[in-house]
Amino acid sequence: MNKELEHSFVTQLEENQNIVHKICRLYTNDSDAHNDLFQEITIQLWRAFPKFRGDSKFSTWMYRVALNTAITLYRKSKRSIKTQDFEGVSFKISSEDYDDTVEQQLKLMYSAVKDLNDIDKALVFLYLEDKNYREISETLGISEVNARVKMNRIKEKLRTILNP
Amino acid sequence: MDELDLLKKQWQSREQDLPKLSYDDIYKMLLKKSSSIVKWIFYISIAEILFWTILSFLVPESSTKFSDDIGLHDILIGVNIINYTVFGIFIILFYINYRKISLTDSIKELMANIIRTRKTVKYFVIYNITTSFLIIIGINLYYFLNQDIVFKYMSEDYGIANISQDQFMRLFFVIQILFGLVMIAFILLFYRLVYGILLRRLHKNYKELEKIEG
């Protein structure tokens, strides 16, 4: 039994689990689906782990595999995901920092992001994670220029959704 | 500053709301995949027994009257009791398999459980196909040995006339055999589709586990 590999994998995933949780939040609407996706990503990561050589950071590699899993699964179930559960995506904001309109806007914004297509969503996710365009392009396997162009289009799209 | 940057600021301050899984939680996930397949096997077996039960209520009265008339009533009830008992035992076995697999936390044990589950399903399928086959053969043998009564009640219940007993019985058995074949083919197809897919997936998981173990 490859105990050592297993231990190293689980430890690293435990440390970096926030990444996976955030992807799950963005791609699913309730906690059951969240858990299912988390498990599926864990299994895909574990499958790919023997091939992870450590020439990139564990977290970078994780972004790639986890997003790919979410995108693939999302594609399969695209037709069944139609309704948007606003309660489930509710945005927790401490009220002293923001007034109601900002909170409203953020909620709207968040649900608009959730409504984006699978690839765009991945792009926004990496942007929100404060990745630069080089990292985004490497993770998603697109060129840097392409990432920039796509990102500008998404911003434009979001702007029109928010200010009709 | 655009809205996305506002969201970004918020995004990063939200980390503490995220769920937190322990080392053990994650470790167990590596083993869990098979449990959902086995859960489906359990559910489908229950759905199946419901399906057969509902179907037996839909059988037209004339058909049950006919089997009562020619003296199959008690035998059929006996067969049904045995069948439901065995079915029930299989459902319990499927449930035990499911419980075991969801509680397993070592790869070796999980592999043993997968093998056991596959075996249970195999026996279940063999049992069902064999009994359907035997029941069809048995009933027809009974018809064959009691041709006079069959013809008598058939002509009474369904009012067939203008046909000799020999001709009628020949036609009757041809239809019976055809019906039996269609029935068996349908059952075979059903098991191949439903349980075949699940068993293949289970097998794939087993192979993966073997690789991890190796």
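Mentor: Residues are numbered from 1 along each chain as its sequence is written, while chains are lettered from A and ligands numbered from 1 in the order in which they are written.

Trainee: What are the mean pLDDT values of chain A and chain B?

Mentor: pLDDT is the predictor's confidence in each residue, from 0 to 100. Chain A has a mean of 79, with 82% of its residues at 70 or more. For chain B the mean is 83, and 94% of the residues reach 70 or more. The model scores ipTM 0.70 and pTM 0.56.

Trainee: Where in chain A does pLDDT stay under 50?

Mentor: Over residues 78-98 of chain A, a stretch for which the model has 23 contacts beyond four places in sequence. A contact here means that the C-beta atoms of two residues, placed from the backbone, lie within 7 Å. Where pLDDT is low, the predicted coordinates should not be read in detail.

Trainee: How many helices and strands are there in chain A and in chain B?

Mentor: Helices (H or I, at least four residues) and strands (E, at least two) are DSSP runs, numbered from the N terminus. By that rule chain A has 8 helices and 0 strands, and chain B has 7 helices and 0 strands.

Trainee: What makes Asp130(A) exposed?

Mentor: Asp130(A) has 10 other C-beta atoms within 10 Å, and exposed requires 12 or fewer, so the label applies. Asp130(A) lies in the loop between helix 6 and helix 7 of chain A. Its phi is positive, about 65°, although the residue is not a glycine.

Trainee: Which residues have the most contacts inside the largest nonpolar core?

Mentor: Ile23(A), Ala66(A) and Leu123(A), in a core of 42 residues. A nonpolar core is a set of buried Ala, Val, Leu, Ile, Met, Phe, Trp, Tyr and Cys residues joined through C-beta atoms within 7 Å. A second, separate core of 14 residues includes Phe124(B) and Leu199(B).

Trainee: Why is helix 7 of chain A called roughly perpendicular to helix 8 of chain A?

Mentor: Axes are lines fitted to C-alpha atoms, for helices over the stretch in contact, and angles run from 0 to 180 degrees between N-to-C directions. The axes of helix 7 (residues 133-140) and helix 8 of chain A come within 8 Å and cross at roughly 105°. Angles under 35 degrees count as roughly parallel, over 145 as roughly antiparallel, 65 to 115 as roughly perpendicular and the rest as oblique. The crossing angle therefore makes the two helices roughly perpendicular. Tyr133(A) and Ile136(A) of helix 7 are among the residues making the contact, as are Glu144(A) and Ala147(A) of helix 8.

Trainee: How many residues of chain B are in contact with chain A?

Mentor: 24 residues of chain B are in contact with 26 residues of chain A. Helix 1 (3-12), helix 2 (23-58) and helix 7 (165-213) of chain B each supply at least two residues of the side of chain B that touches chain A. That side divides into 14 nonpolar, 1 polar and 9 charged residues. Ala, Val, Leu, Ile, Met, Phe, Trp, Tyr, Cys and Pro count as nonpolar, Asp, Glu, Lys and Arg as charged, and the others, Gly among them, as polar.

Terms used. This is a predicted model: local features need pLDDT of at least 70, side-chain atom pairs count only at pLDDT 80 or more; totals for chains, interfaces and linings use all residues. A residue is buried if 20 or more other C-beta atoms lie within 10 Å of its own, exposed if 12 or fewer, and partly exposed in between; C-beta atoms are placed from the backbone.
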